[in-house]
Amino acid sequence: MLRHEFQPGKLIAGCFLALAGVVYAGDAGGLWETPWFAVIPIVVGGLCLAGAAAFLTSALRRRRSSRAERAPSEAGASR
């Protein structure tokens, strides 16, 4: 059994923020040159994707829970 529910929005946000850190670390280490503004689209895009994933996840969970609440009452009424 899971100890907590899976939250894909937080996973996506964390991956994009880690990517931004890798980009800056590569620049600091001298592996490549990164303009100061290059990370802004990575972070904003990642946060937008994370928000969309969190919205879809909550909508699916809400739909599943409402369907589960209706199912026992419909089964009891048909008997």
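Apart from its neighbours within four places in sequence, threonine 34 is in contact with Val23 and Asp27, contact being defined as heavy atoms within 4.5 Å. The structure described here is a predicted model, in which local features need pLDDT of at least 70, side-chain atom pairs count only at pLDDT 80 or more, and totals for chains, interfaces and linings use all residues. Residues are numbered from 1 along each chain as its sequence is written, and side-chain values use heavy atoms, with hydrogens and water left out.

Threonine 34 is located in the loop between H1 and H2. With a relative accessibility of 13%, threonine 34 counts as buried; the term buried applies under 20% relative accessible area, exposed over 50%, and partly exposed in between, with a 1.4 Å probe and protein chains only. The side chain of threonine 34 is also joined to that of tryptophan 32 by a polar contact of 3.1 Å. Such a contact is a pair of N or O atoms within 3.5 Å; within protein, one atom must be able to donate a hydrogen and the other to accept it, and residues adjacent in sequence count only if both atoms are side-chain atoms.

The protein chain as a whole contains two helices and zero strands, where helices (H or I, at least four residues) and strands (E, at least two) are DSSP runs numbered from the N terminus. Of the 79 residues in the chain, 16% are buried. The accessible surface of the chain is about 6,400 Å², and carbon and sulfur atoms contribute 68% of that area; accessible areas come from the Shrake-Rupley method with a 1.4 Å probe, and for residues only the protein chains shown count as cover. Among contacts in the chain with a separation of 6 or more, 53% are between residues 24 or more positions apart.

Helix H1 spans residues 8–28 and includes cysteine 15, which is partly exposed at 47% relative accessibility. Between the C-alpha atoms of cysteine 15 and alanine 50 the distance is 9.8 Å, although the two are 35 residues apart in sequence. Proline 41 belongs to helix H2 and is exposed, at 55% relative accessibility. Its C-alpha atom is separated by 9.6 Å from that of alanine 20, which lies 21 residues away along the chain.

One salt bridge is counted, the criterion being a side-chain nitrogen of Lys or Arg within 4 Å of a carboxyl oxygen of Asp or Glu. The partners are arginine 61 and glutamate 5, whose closest N and O atoms are 3.6 Å apart. Because arginine 61 lies in helix H2 and glutamate 5 in the segment before H1, the pair ties together parts that are 56 residues apart in sequence. Both are partly exposed, arginine 61 at 28% relative accessibility and glutamate 5 at 46%.

The structure also holds one aromatic pair, formed edge-to-face by tryptophan 36 and phenylalanine 37, with 5.6 Å from centre to centre and 90° between the planes. Rings of Phe, Tyr and Trp (its six-membered ring) pair if their centres lie within 6.5 Å; planes under 30 degrees apart count as stacked, over 60 as edge-to-face and the rest as tilted. Tryptophan 36 is exposed at 66%, whereas phenylalanine 37 is partly exposed at 45%. A nonpolar surface patch of about 570 Å² is made by these two residues together with Tyr24, Ile40 and Val44. Valine 44, found in helix H2 (residues 39–77), is partly exposed, with a relative accessible area of 45%. Patches consist of residues with over 30% relative accessible area and no salt bridge, like charges being joined within 9 Å and nonpolar side chains (Val, Leu, Ile, Met, Phe, Trp, Tyr) within 5 Å.
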